Amino acid sequence: MIKKYLSLTAIVSVCIGSLALVACGGSENKAENKAPLESGASELTNKDEFFKDREQALKQIFFSIPAPIEMADMIKDAGFNFDKSMLNSVDKVAKYVDEENRAINLGIYAADLSYSTVFEQKQESVNYLAASKTLASALGIEAAMDEKFMERVQKNQNNKDSLLSYVTLSYQNVNAYLKEGKRTDVSALIVSGAWIETLYLSTQYAGKKGEKAMKQRVAEQTYSLDQLVSYLNLFATSDRVNHMKEDLTRLQAIYKDVIVVKGETSVEKDNSGVTSIGSTETVTMSDATLAKIAAETVVIRNKYIQ
Amino acid sequence: MKAYKILLFLLVFIPSFASAQCKPFTKNKVLPKLNGYVQNDSYNSAQMAPGEDAELMVTFFGGRDYRLLVVAHPILGDVEFTVSDINGKQIYTNKDAQDKEAFEFKMKNTQQLVIKIKVPEQKDAVVQHIGCISIVSGFKQ
């Protein structure tokens, strides 16, 4: 019994020592490098673990397609009005019961939330934030949007800039918790859902007669789509990611009709020293291609939101 | 026996778990530097080791103004970052820049840019450290 107690004590000591090493490393380095280790740095203690499948891990972390808030902003910039009827109803939130549907619809709600917030629809924003929180909790990442966070949103809902920053922060938090929790495939589904919803909203506006700006933005989504499909390829063993990949691959086949003419990049600085980046590259598509993209986007979206 | 297992789990995983968190770093040290811009990406932060490099491809839309931030924990030293077009033509490097962490630019046309980051080697260091690096971009409304 005593022997057992001593061994247990030894393990506890090593545990505490191990944690202290991480913490102490901080104070030691503070003096040497003026950089507190406790905030975002630590000693590299387990090299084998850290460098295991490292290339793949970094590729899964460092991935970016424009967040839904930017496309929503471009819809507003193009002079359009808010249309609630286009959004996925928050009343459906309880219907999403498996992880795949929860993740994809969390992305869809994130896009609807961004759209509502950009158009300053306060009540809709709060509703979509609440629905997003429900799905985030169901996915086990309730800390991404905890009660304190929701209270702050409620308090600041009349301040457009604050609300915008909470919306972008919530999207970032959700992805951060998943990526750091090694659930990158779930994050990939959320990003895919958000992208599909954003494309859906954009095509609804782009399809209006004579509309050019949004049509151009929809054509330019060819870049994001290729990036997204390549990203999903990193999760080849995940069935749920493969379902989404199959859908996006069908869309990619239609996007092949978007004409991209390669060009040269130019860089210049204006009088205030700000860099301007230009290119002779052009991206165009016909109305028929837009119609096909819009129709396929509806099919994919409907599959997931029902 | 159960207690042993739990303690062994803690022993093995707590240090690496604790080191995997870059959320507070990004929230406290990076996002405030985006001031005046709306963040337009999801989450691109990770702990990296000396000598490592990574890249990120991002689509920037024409007619918009952006601020791109690459912020590294000071323990990593002077992290180099470059921005190139898809064909490898270099557009920006932070090597001689006054502000080593931020690059502001206007996009005339939509195109994909490649951001490459390189953490310097620390060959003489007795103890190696890893630190957070965050890549964040935002657009001006």
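Colleague: Is A:F119 buried or exposed?

Modeller: At 10% relative accessibility A:F119 counts as buried, where buried means under 20% relative accessible area, exposed over 50% and partly exposed in between, with a 1.4 Å probe and protein chains only. This is a predicted model, in which local features need pLDDT of at least 70 and side-chain atom pairs count only at pLDDT 80 or more, while totals for chains, interfaces and linings use all residues. Residues are numbered from 1 along each chain as its sequence is written, chains are lettered from A and ligands numbered from 1 in the order in which they are written, and side-chain values use heavy atoms, with hydrogens and water left out.

Colleague: How many aromatic pairs are there over all chains?

Modeller: Searching the whole structure gives 16, counting rings of Phe, Tyr and Trp (its six-membered ring) whose centres lie within 6.5 Å, with planes under 30 degrees apart called stacked, over 60 edge-to-face and the rest tilted. One of them is the tilted pair of A:F82 and A:F119, at 6.2 Å centre to centre and 50° between the planes.

Colleague: And which pair is stacked in chain B?

Modeller: B:Y66 and B:F105 are stacked, with 5.7 Å between centres and 25° between the planes, and both residues are buried. Ring pairs also link these two with B:F60, B:F81, B:Y92 and B:F103 into a cluster.

Colleague: Switching topic, which charged end sits over the ring of A:Y177?

Modeller: That is B:K23, 3.9 Å from the ring centre, the criterion being NZ of Lys or CZ of Arg within 6 Å of the ring centre and within 35 degrees of the ring normal. Within chain B, the charged end of B:R64 sits over the ring of B:F139, 4.7 Å from its centre.
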